[in-house]
Each structure stands twice: as C-alpha cells, then as structure tokens.
Amino acid sequence: MSEAGDSRPERRRWPRKRVLKRGKILYFDRPSVIDCTIRDVSEGGARLVCSQAGLLPKEFYLVFVIEKEMRKARIVWRTAEELGVEFTAPQEPAKLKL
C-alpha cells in the first residue's frame, strides 16, 4: 500500500526517505541553474519541487547543495510544480561553485 493510505501498490524499487534539502538543476546544453527543493530521495531517484517543473528538459544534473554532490537524472513524471526523477549515473562531486 502506498504512503497516502490508498490501495495502489508501491512500485518503487528502492525505499524512499523524506527529506527537505536544497537542490539545483543544471542543464546539459546551456549554463542555466534552477533552484529546487528535494522532498524525497532513494538510491534510484528523487521527488523535487520546482516552480518551473513544466519547463525543464527531460535530462539534467541534480545538485545536492549541502553535500556538494550531483547526479545525472531523467524525469519519469511531472506536474506543474513537482517532478519525479530517476538517477542515471553514480553520484559525483558538484562541478559548480555553490
């Protein structure tokens, strides 16, 4: 059963952990940086809150600001202000000045 208490089965491969972390989204093809909030995270992905969720490209780097780490990510679902991403590469040091 899902966390919300409905009858939908849980489909995630990894258990998620609720968090409240600052994040940044970096585009691969241009020097844009978008602020976001990381709300859930697991070994395989995360749920983000971002006012520009509908405008983001399908793939980008997600930077974990405090940890100074980043992961390549791919959007698997999105709404107007939230998105779910799947990590597509191992974590690496952030390549920008935070």
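1. Leaving out residues up to four places away in sequence, D40 touches R16, K17, R18, V19, G45, A46 and R47; contact here means heavy atoms within 4.5 Å. The model is a predicted one, in which local features need pLDDT of at least 70 and side-chain atom pairs count only at pLDDT 80 or more, while totals for chains, interfaces and linings use all residues. Residues are numbered from 1 along each chain as its sequence is written, and side-chain values use heavy atoms, with hydrogens and water left out.

2. D40 belongs to strand β2, residues 33-41. Strands are DSSP runs of E with at least two residues, and helices are runs of H or I with at least four, numbered from the N terminus. D40 has a relative accessible area of 2% and is therefore buried. Buried means under 20% relative accessible area, exposed over 50%, and partly exposed in between, with a 1.4 Å probe and protein chains only.

3. R47 is tied to D40 in two ways. R47 is the bridge partner of D40 in β3, and the side chains of D40 and R47 make a polar contact at 2.7 Å. A polar contact is a pair of N or O atoms within 3.5 Å; within protein, one must be able to donate a hydrogen and the other to accept it, and residues adjacent in sequence count only if both atoms are side-chain atoms.

4. Strands β2 and β3 run antiparallel and are joined by 4 bridges, with a hairpin of 3 residues between them. Two strands pair if DSSP finds at least two bridges between them. Strand β3, residues 45-49, has 4 of its 5 residues buried. β3 also pairs with β6 (residues 82-87), antiparallel and over 5 bridges; V49 has E82 as its bridge partner there.

5. The chain as a whole has 0 helices and 7 strands. Of its 98 residues, 38% are buried. Among contacts with a separation of 6 or more, 46% are between residues 24 or more positions apart.

6. The largest nonpolar core has 20 residues, of which I25, L48, F60, L62, L83 and V85 touch the most other members. Such a core is a set of buried Ala, Val, Leu, Ile, Met, Phe, Trp, Tyr and Cys residues joined through side-chain atoms within 4.5 Å. The largest share of this core, 4 residues, comes from β2. A second, separate core of 5 residues includes Y61, V63, M70 and A94.
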